[in-house]
Amino acid sequence: MKDLLGQTRRPQINSRSELDACGRPGLPDVIRCARRKHARAIISSFLRNSGIHQARLSIAMMFLLFALSSSASAATLPSGFVETTVASGIASPTAMAIAPDGRIFVCSQSGALRVIKNGVLLATPFVTLSVDSVGERGLLGVAFDPHFTLNHYIYLYYTVPGTPAHNRVIRFTANGDVVVPGSGRVILELNSLSTATNHNGGALHFGPEDNLYVAVGDNAKGSNSQNLSNLFGKILRITSDGTIPSDNPFVQSTTARHEIWALGLRNPFTFAFRGTTNFIYINDVGQSTWEEIDLGQAGANYGWPATEGPTTNPAYKSPIYYYGHSDGCAITGGAFYSPVHPISRRPMSVNIFSAITAQALFEY
């Protein structure tokens with residue numbers, strides 16, 4: 001961050017690695033606590049920088065789920081940030097994605113996918129699903145197909161009501177600001193849920209190779225994360241039509257689920273790719289001691305429930321960034337901004353990763 005702000009900013013945090021001058025994996029130190037409970041509005045944050053090559057490429061914009069609580073005090077922004085309300089009136093927003101044309105699609109936990117267009121929250125949802133929204137269940141993830149401008153596909157992750165309930169990835173086709181009726185196609189059915197309503201994960205993102213990555217929580221049972229016969233506590237990787245990529249790490253196994261790409265996670269509620277690179281950063285909500293950011297790797301085991309935070313056990317992959325619960329916050333989001341050099345027009349090596357945390361948003 002000293003390259004961006006002209007001074008080193010160190011929150012009370014433990015860092016295993018940072019981005020080096022060549023842009024290799026790591027994280028700078030922008031981490032703040034929202035200390036709020038229920039997300040109700042969307043904000044944009046802008047980081048103004050005057051120190052990168054003395055050029056005016058200095059505004060980093062990150063759209064964040066802004067958590068509000070009637071009893072919590074307002075968050076203190078880092079120097080250089082401002083907040084601007086983009087839209088309000090969305091009940092319990094859980095995730096969002098920005099369409100190629102700039103529209104913002106926001107998941108409401110209760111099942112409506114809302115659209116913000118030209119700065120206005122549209123009255124008619126894109127689609128409204130019947131969901132189980134008890135606890136941490138509901139409509140939890142949204143992603144646009146890499147070829148959205150051609151096929152108009154939108155992918156959603158949500159909890160299907162039932163006895164038992166289960167989570168599902170479904171694909172819809174857009175017709176402007178609303179769904180094409182009857183276009184829903186189930187891409188992936190996850191395992192039946194227990195009576196526990198927490199640790200569902202839900203994040204969806206397409207990787208640079210056009211495969212869909214899906215974050216799934218452990219359904220509040222740690223042993224699920226090490227069990228390769230189910231999809232809980234994992235990062236999954238599938239194609240855009242739900243089939244299995246031939247290079248998935250367990251595709252030759254006769255006992256493991258072939259969708260599994262990485263395992264040993266507790267509740268990876270969010271994750272992010274660094275620009276168009278293969279580097280994926282997974283935000284895993286901790287339990288007793290540590291919140292962590294893990295560098296995604298095919299076949300990696302992040303150790304939950306045997307370990308949390310840094311470990312010396314060679315069987316497990318340690319987080320590249322972690323912080324303790326003395327901060328009182330659970331990790332709930334992150335985003336990257338990769339500016340372009342004003343002269344060469346090439347992506348610069350400096351990247352910004354912002355891990356936004358909210359106290360008690362999810363159970364420890």
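Me: Over how many bridges do β13 and strand β15 (residues 185-192) pair in the antiparallel sense?

Reply: This is a predicted model, in which local features need pLDDT of at least 70 and side-chain atom pairs count only at pLDDT 80 or more, while totals for chains, interfaces and linings use all residues. Residues are numbered from 1 along each chain as its sequence is written, and side-chain values use heavy atoms, with hydrogens and water left out. Strands are DSSP runs of E with at least two residues, numbered from the N terminus, and two of them pair if DSSP finds at least two bridges between them. For β13 and β15, which pair in the antiparallel sense, the count of bridges is 5.

Me: How many of the 10 residues of strand β13 (residues 166-175) are buried?

Reply: Buried means under 20% relative accessible area, against over 50% for exposed and the range in between for partly exposed, with a 1.4 Å probe and protein chains only. By this rule strand β13 is mostly covered, and the number of its residues that are buried is 8.

Me: Which residue in the turn between β13 and β14 has a positive phi?

Reply: β13 and strand β14 (residues 178-179) pair in the antiparallel sense over 2 bridges, and N175 has V178 in β14 as its bridge partner. The hairpin that β13 and β14 form has 2 residues between the strands. The residue in its turn with a positive phi, about 70 degrees, is G176.

Me: Which residue takes a positive phi in the hairpin of β12 and β13?

Reply: The hairpin of β12 and β13 has 5 residues between the strands. Within this hairpin, the residue with a positive phi, near 155 degrees, is G162.

Me: How many residues apart in sequence are the parts that the D177 and K117 pair ties together?

Reply: A salt bridge is a side-chain nitrogen of Lys or Arg within 4 Å of a carboxyl oxygen of Asp or Glu, and the side chains of D177 and K117 meet in one, at 2.9 Å from N to O. D177 lies in the loop between β13 and β14, whereas K117 belongs to strand β8 (residues 112-117), so the pair ties together parts whose separation in residues is 60. D177 is buried, at a relative accessible area of 18%, whereas K117 is partly exposed, at 32%; the separation asked for remains 60.

Me: Which residue meets E189 in a salt bridge?

Reply: E189 and its partner have their N and O atoms 2.9 Å apart, and that partner is R168. As E189 lies in strand β15 and R168 in strand β13, the pair ties together parts that are 21 residues apart in sequence.

Me: Which strand of the open sheet of 4 strands is one of its edge strands, and holds residues 260-262?

Reply: The strands of this open sheet follow the order β16-β17-β18-β19, with antiparallel pairing. Each edge strand pairs on one side only; one of them is β16 (204-206), and the one asked for is β19.

Me: Is R237 buried or exposed?

Reply: Strand β17 (residues 212-216) and strand β18 (residues 234-238) pair in the antiparallel sense over 5 bridges, and Y213 stands opposite R237 in β18. The side chain of R237 also meets that of E209 in a salt bridge at 3.1 Å, N to O, a pair that links distant parts of the chain, with E209 in the loop between β16 and β17, 28 residues apart from R237. E209 counts as partly exposed at 30% relative accessibility, whereas R237, with a relative accessible area of 6%, is buried.

Me: What is the volume of the largest cavity?

Reply: On a 1 Å grid over the protein atoms alone, a cavity is a set of points where a 1.4 Å probe fits but cannot get out, and lining residues have an atom within 4 Å of a point. Grid points are joined across faces, edges and corners, and a volume is the space filled by probe spheres set on the points. The whole structure has 2 cavities of 30 Å³ or more. For the largest cavity, whose lining includes R266, Y302 and W304, the volume is about 60 Å³.

Conventions: On a 1 Å grid over the protein atoms alone, a cavity is a set of points where a 1.4 Å probe fits but cannot get out, and a pocket is an open set with protein on both sides within 12 Å along at least five of seven lines; lining residues have an atom within 4 Å of a point.
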